[in-house]
Amino acid sequence: MLLADGTIVSGTMQFRPSRYEGGGMRYLRFRSWLDHLLSSAKEIGSVCFEEVRRHAGTDAAHLYGGFLAHLSAWCELNHIPYQGVPVGTIKRHTTGKGNAGKDAVIAAMRSKGFTPEDDNEADALAILTWVIDTQGGVR
């Protein structure tokens, strides 16, 4: 997140259900986390997310679709504009190569002064730097 004062906040969250919970719990946790972000920030100007078009398998595709459905519905409910950014666009902007690997994205984010804990946080930071540098794709 880019806060109003220019501070950047990042991290990762896990929404996986425990073995005694149904699969829908991950989406309830996700929705609760979004609500918490909104109440903490007071206002969210826009949401950008990684637009994945190819998945490792059926389960990954289903999970992505579920998260995308909940995110887009939540944004609509809260009147927050949202936009998917293709993976290749993010990687090209961050590393110069649209098919760069995870290590290259992590290294690129570290070279910008960030300290991502894993590839997921590096990807989120890469999306944020793309948004900042391109004003969300508008030039």
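Biologist: Which residues are exposed on the other side of H4?
Modeller: This is a predicted model, where local features need pLDDT of at least 70 and side-chain atom pairs count only at pLDDT 80 or more, while totals for chains, interfaces and linings use all residues. Numbering starts from 1 along each chain as its sequence is written, and side-chain values use heavy atoms, leaving out hydrogens and water. Helices are DSSP runs of H or I with at least four residues, numbered from the N terminus; exposed means over 50% relative accessible area, buried under 20%, and partly exposed in between (1.4 Å probe, protein chains only). The exposed residues there are Asp103 and Ser111.

Biologist: Within what arc do the buried residues of H4 fall?
Modeller: H4 (residues 102-111) buries Val105, Ile106, Ala108 and Met109. They pack against H3 (87-95) and H5 (119-134), contact being heavy atoms within 4.5 Å. The arc is taken from the directions from the helix axis to the C-beta atoms. The buried residues line one face of H4, because seen down its axis they fall within an arc of 160 degrees.

Biologist: How far is the sulfur of Cys48 from the closest cysteine sulfur?
Modeller: The structure holds zero disulfides, a disulfide being a pair of cysteine sulfur atoms within 2.5 Å. Cys48 is partly exposed at 23%, whereas Cys75 is buried at 0%. The closest sulfur to that of Cys48 is in Cys75, too far for a bond, at 9.6 Å.

Biologist: At what angle do H1 and H2 pack?
Modeller: Axes are lines fitted to C-alpha atoms over the stretch in contact, and angles run from 0 to 180 degrees between N-to-C directions. The axes of H1 (residues 25-41) and H2 (residues 58-77) are 10 Å apart, and the helices pack at an angle of about 35 degrees.

How values were computed
Helices (H or I, at least four residues) and strands (E, at least two) are DSSP runs, numbered from the N terminus.
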